[in-house]
Structure formats: C-alpha cells, structure tokens
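Thanks, everyone. I'll take a few minutes on one model. Please have a look at it first.

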Amino acid sequence: MMSAVRSLKALQLDALREVANIGAGHAATALSQMTDRSIMISIPEINVTRYEDAAGLLGDPSGRVIAVFMHMLGDLTGRTLLLLPDADARLLCDLLMRKEPGSTTSFNELEESSLKEAGNILGGAYLNALSDFMGMMLLPSVPTLVADEAAVVLKSALAEPTDEHDTILCVETEFFFREAEQRLLGHFLLLPDGPSLQAIFDAIRVN
C-alpha cells in the first residue's frame with residue numbers, strides 16, 4: 001500500500017488538501033457555533049505517512065495530548081483521532097463551558113464530556129467533507145477520550161497496524177479566535193482499513 005502513497009502526484013495531494021480544507025472550514029464553523037466566537041483557520045497541512053512515522057507529525061512525541069477516538073463506519077471503514085495538546089484542550093474546555101481562560105486545570109467528568117462532544121462534532125466535520133468528496137456515507141461512532149503522551153495515544157488508540165492498513169492521513173489545522181487572540185492546534189488523523197484506503201486513492205487518481 002505504501003507504494004501507492006509514494007506514487008501520489010502533486011495534483012492528487014492537492015485533491016486531498018482541498019478535502020482537508022473543506023473539512024477544516026466545516027470544523028471551524030462548528031467550533032464557532034459551539035463557543036459563540038468568530039474563528040479563522042490556517043491553511044491545513046496534510047501528510048500521508050506510515051503509522052510508525054505519525055508521532056513525529058505531532059511535535060514532541062512525549063508531549064501530553066487529549067485525543068478523541070472514533071471508528072469510521074459506513075461505506076468506508078477505519079479509525080479516526082482528533083488530537084489537541086493538553087493546554088489547548090484545557091483552553092477549549094474554558095471556551096465551551098464559557099469560563100475564563102485558565103480556569104480548567106483538570107479534566108473531570110463534565111470537561112471530558114464536553115471534549116468528547118466537541119471531538120465528535122469536529123471529527124464529523126472532516127468525515128462529512130470526505131463523504132461529500134467520495135459520494136459515500138461515512139458516520140462516526142460514539143467517541144472515546146484518551147489522555148497520554150502523543151506516541152502512547154497513537155499506539156493504544158490506533159492499535160498495531162497490519163500490512164493491509166498501515167497508512168495514516170494527518171490534517172493539521174490552527175483555529176484562531178479573533179477577539180481574544182487565542183489559538184488552538186488540532187490534528188485530525190484518519191487510518192482507513194486497506195480497502196477503504198484504496199478507494200480513497202482511486203477517487204483522487206489524476207492522470
């Protein structure tokens with residue numbers, strides 16, 4: 001499967017980048033509605049990489065992150081992760097719960113519930129963009145929250161890959177809250193099963 005990744009052309013990567021851009025736009029709109037704040041986004045950076053190299057895309061592999069894990073169900077199957085650095089996740093809790101920035105110091109049941117709801121909505125925004133592009137039905141499962149070092153989260157949440165699905169699509173996006181000059185850095189990771197990854201590559205094939 002990695003031979004297909006290496007053979008991706010610039011136009012094919014542009015197609016994936018456009019899907020990521022649409023998904024990030026949907027996510028920003030949803031986040032704006034959840035926090036009642038105006039939001040701008042950076043141009044998403046997309047990487048297609050092997051499972052074993054994914055932790056390096058997240059900055060410090062030993063850095064603590066909060067991740068919302070979901071299964072991708074429907075016409076395509078696989079797993080997804082929405083990851084936020086610990087400090088960004090605490091800020092998001094403050095914004096979602098209408099608290100002063102810096103108020104959230106730990107993740108209790110209420111904070112975890114709000115993050116899972118946000119992760120479900122934001123992850124769903126990226127899946128909706130992919131769903132529209134593929135012309136297929138994609139649905140997220142009930143979300144699960146994981147908190148640990150980035151490398152540990154990837155290993156535990158995504159499980160050991162096989163030769164049939166060892167490729168990860170990673171979308172990095174920054175969300176800017178204009179009024180408060182605050183920002184959140186989010187990574188959306190998609191690990192499709194083998195046939196689903198092949199279907200995505202077939203859909204973006206450009207001669």
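Start with a serine. The side chain of S141 reaches the backbone nitrogen of H71 at 2.8 Å. That is a polar contact: a pair of N or O atoms within 3.5 Å, where within protein one must be able to donate a hydrogen and the other to accept it, and residues adjacent in sequence count only if both atoms are side-chain atoms. S141 sits in the loop between β5 (138-140) and β6 (144-149). Its relative accessibility is 16%, so S141 counts as buried. Buried means under 20% relative accessible area, exposed over 50%, and partly exposed in between, with a 1.4 Å probe and protein chains only.

Some ground rules. This is a predicted model, in which local features need pLDDT of at least 70, side-chain atom pairs count only at pLDDT 80 or more, and totals for chains, interfaces and linings use all residues. Residues are numbered from 1 along each chain as its sequence is written, and side-chain values use heavy atoms, with hydrogens and water left out. Helices (H or I, at least four residues) and strands (E, at least two) are DSSP runs, numbered from the N terminus.

Now the strands. β3 and β4 form a hairpin with 3 residues between them. They pair in the antiparallel sense over 8 bridges; pairing requires that DSSP finds at least two bridges between two strands. F69 stands opposite L81 in β4. On to the next partner: β4 also pairs with strand β8 (residues 182-192), antiparallel, over 6 bridges. There, L81 stands opposite L189. How enclosed is β4? Largely, because 7 of the 8 residues of this strand (residues 78-85) are buried.

Next, charges. A salt bridge here is a side-chain nitrogen of Lys or Arg within 4 Å of a carboxyl oxygen of Asp or Glu. The count comes to 4. One of them joins D86 to R64, with the closest N and O atoms 3.1 Å apart. D86 lies in helix α3 (residues 86-96) and R64 in strand β3, so the pair ties together parts that are 22 residues apart in sequence. D86 also bridges to R90, at 2.9 Å between the closest N and O atoms. Those two both lie in α3, 4 residues apart, about one turn of the helix. D86 is buried at 15% relative accessibility. R64 is partly exposed at 44%, and R90 is partly exposed at 27%. Elsewhere, E174 forms a salt bridge with R183, the closest N and O atoms being 3.5 Å apart. Shared partners join R64, D86 and R90 into one network.

That's it. Over to you.
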